[in-house]
Every structure is written in structure tokens, then in C-alpha cells.
Amino acid sequence: MALAVPDPVPLGTIRELTMPHSVHPTMSADEEMTLAGVDRVTNFPFSERPGRSKISRKSLLSILPERATVEVFIRIYLDTIEQAYSVLHLPSFTSEITGFWEDPYVVSDSWLAMLFAILSLGCHAYNAANKGSYPGLDVQLLDASEACLKMTPLMYCPDKCNIQTLYLMVIFKQLDRMSCHQTGACWPLTGLIVRLAMMLGIHTESPGNNTLSELEIEHRKELWVSIILLEMRQSLVSGMPLLLQLTDLPKIEPASNDSISSFYSSIPLMAQVLSTLSLNANQLEHDKVLEYDLQLRQLLKDPNLALDCTSKNYPARILLNVFYRRLLLALHTCFAQEPRASTRYPVSYWSTLDSCLGLLAVQRDLCEDTASNSKYCKPAHLMAWFAGLFREDFFTAAMTLCHHLVKANSPLEPSASASNGCFCQQQARDTIMETLVSCSGLWAREEGLSYCHREASRVMSSVIEYLSVQDSC
């Protein structure tokens, strides 16, 4: 039976699915896939496992759970990550997955690597939403994806599936757990994706030749826009230079996703801002920052980016909203940290606070248990998993707010409002403290995720406790 492109998963559906409680791979002991977590494989997806020889297709396929489970994992992926990043050409993928079920030995190693990467993300989300129903399977599937990827000549003769697989591996590394080297590790891998795409000519106006169908050419153009988005986001969160030049940007707008199309129109502006930040971070002109601020805030007002979960493409809206707010924060931070910034650079000072509060509001919306009957809303536990993409953004926002509250001679000091008779500043401080306390609780829920995450949670809690004592004095 063909796998139809699924509709968005209704609220509660995932919890009610009947699925097997365990998976029993049939491979032999000497062929068994290593279950080492990604955190122990520092060079993933180019690691070498001691004693591991080339793995047979039969052994790789034996990792797969039953078909119903596979289709659930695919549906979860399509309903979250795919809506945000648009990696696949869905009509083609639907046809390919049908062919795979008919004969799993016909598909190429590169396509199978992509399928395993999709399933690993779907399984990872399912485990997060169902308290580990398939412990270790997500990493096992990713391990299989890596094994398939290594069987392909991706370094000198890549194909589109290689690029899509690496793209999904970057996403998995972001979602798996927070670590101190996560953003730095994803930036070079994203750079490889950009270069391999260029080898295929995906960045050109006509990404293909006469052998490609119009649908395939159109998908390559849309994939290039998605790669640009990934590259820009990695440049921003890592603080490393943007590898793309203005000449690499597309000239034809994709139309399949209103939110991504909205991003497309802003690509030249994003490239300008990121290049300015990486090349002249210490020599920014405040007037230029104010100019960028106006343009970015105009983007945030775009109806296609409204953060209403009843709207279509909600994950894409979240992704771009976080990206624009983080860009605003990066632009204004150096001025907001200057002495007497609230009077010398008031726009930068208050814009920084506004951007941070906006980011933490997104975190609360995604992670707190809120109910909705909209057909476009995802189950709360699934969106909490999706929020893992932005852990670094949320932590940066929280620490920036803490910095402003702790900073001496700040208008947000408890004594400031009493001395000047303006209690609106005290209200602003109270709002910030309330937001920080609620988000600190969200971090504490996941403090067992990793050592770095636990330390981040501890630091946040310690600062908030200090601020609470100061307020009570």
C-alpha cells in the first residue's frame, strides 16, 4: 500500500497510536550496529567504529521496526522538521517510499541513508513524547544512516540525497542534546552541505540539465533556499562567518511554503546583516543598526510569520521568528552593554530586552502544556521536543536578561524606580523576573539531558535566586 503524504497529526493522535513496545534486530553479533550515543562520537557523521566492517543491506534493513511504526516516524518528521525546513520533495518521496516497500534492495545507499536519518528524527521525537518507548533506536537508526552514507562517493560525486542526509544530521545534532561544542560542530558540517550543493549546481538559476524534470529542477531551487536558511542560522548561533556571497543567492522564489517564501524575500537583508556582524562586530555604526532594526521588525509583522498555532506552517513560523529575534539581539547587544546604555542607546537597550522576552515567550509557548483543538496545532509534548532546536537561543536570551538585571546603575535595578518615582521600570523588572522563573523551571525539567545542560540550568537557577534575594531586600 502506498504511503500517502500525511495530513498534520491531530492533537492526541500520537499518544493513542498502537505500536510494539520493543524492537528486536535480527542481525548477527559481529554485524550488530553500535548503539553509542552521538555525544560519544565526536566526529559524527564521519566517525570510525573499531572493528566495524562494511555492513550488509540485510543487516541495515533488519534495524527497521514494523511498517506501521516506520510510517508513524515518517509522519512525525513531516509534521515538524519538514514543515520548518522543507528538505524533501514530498511527491517524489511518497513514490520512492512506495517502491522501497515493494523491494527494499532496489533503492540506492544514498536514498537509504536519507530514509534512516528521517526515521531517526521521527523516533527521537516519539521517544521524547512517550518517555522513551524505543530507547536507543533513534541513535541506532542514525548509525545506520551514517553507515549508508559512507558507502557513497559523496566527497567527489555527491547526489541530492547525500545533501539531504547531511542536512538532517545537522538537525539531529541540534535536537539530541545541548552541549558546549554543539554549535561549533554544526557550522563546518553545514559548510560541507553548502559546498556539495554547489558541486551539483543547485545554487544556480538552472540547477540541472535536460535530463531533469521540471519538478526536480523546482525542488532543487527550493532545497537551495532551505540550505541558505540553515547556513545563515548556523552562522548566527556560532558567531562564524557566512560562507555565502550575494551572487550565490537564488533569483527565483519558491512558492510551496508561504513562510519560507517570506524568508526568501529577506535573504539579501539577512546576508548583509550577518556579513556586517562577522566582519565589523566591533565597529558597528549605530545608525546602521537602527536601519536594520526597522527592517527586521517589519519582517516580524509579516502575517506569514504570525505565531498563532492555528495557522499553517507553524513550525516554519517559529523557526523564522526565533531567527529574526536572535538577529536583532546580536545587532543591539554591543550597544546595550555600554555604560548608561538606556540613555545613550535607548533603542538598542530596550530592543535587546524585547528580543530576549520574545524568545523566552516562544520557549514557554512551545514547552508549557497548552491545549488546542486546531488541526494545525501539534501536541504540546511534540512541540516541546521541537523547541530543542532553539536551546542555545533560549539560554542566550535568559542570560542576557540576567545580565541586565544584575548590572549596576541599570534602570531595572530595584532602587531605580523608587528613586525617580517611575514604577513602570519596576513593572518591567517584575515581568522579566516572572519570565525567567518560568523558563528556569522548563530547563530544570531536562537537566538530566547532558552535563552542559545541567550546568546551564544550575547557573540560571543560581542567578535567579540571587536576583530574588536582591528584590526582597
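1. In which helix is Asp-393 found? Asp-393 is in helix H17, residues 391–406 (helices are DSSP runs of H or I with at least four residues, numbered from the N terminus).

2. The model is predicted, so local features need pLDDT of at least 70 and side-chain atom pairs count only at pLDDT 80 or more, while totals for chains, interfaces and linings use all residues. Residues are numbered from 1 along each chain as its sequence is written, and side-chain values use heavy atoms, leaving out hydrogens and water.

3. Asp-393 counts as buried because its relative accessibility is 1% (buried means under 20% relative accessible area, with a 1.4 Å probe and protein chains only).

4. Rings of Phe, Tyr and Trp (its six-membered ring) pair if their centres lie within 6.5 Å; planes under 30 degrees apart count as stacked, over 60 as edge-to-face and the rest as tilted. By this rule there are 13 aromatic pairs. Phe-73 and Tyr-134 are edge-to-face because their ring centres are 5.7 Å apart and their planes stand at 85 degrees. Phe-73 belongs to helix H3 (67–79) and Tyr-134 to the loop between helices H6 (109–129) and H7 (137–150), so the pair ties together parts 61 residues apart in sequence. Both residues, Phe-73 and Tyr-134, are buried.

5. Phe-323 and Tyr-324 make a tilted pair, 5.9 Å centre to centre with 45 degrees between the planes. Phe-323 and Tyr-324 are both buried.

Note on methods
Helices (H or I, at least four residues) and strands (E, at least two) are DSSP runs, numbered from the N terminus. Buried means under 20% relative accessible area, exposed over 50%, partly exposed in between (1.4 Å probe, protein chains only).
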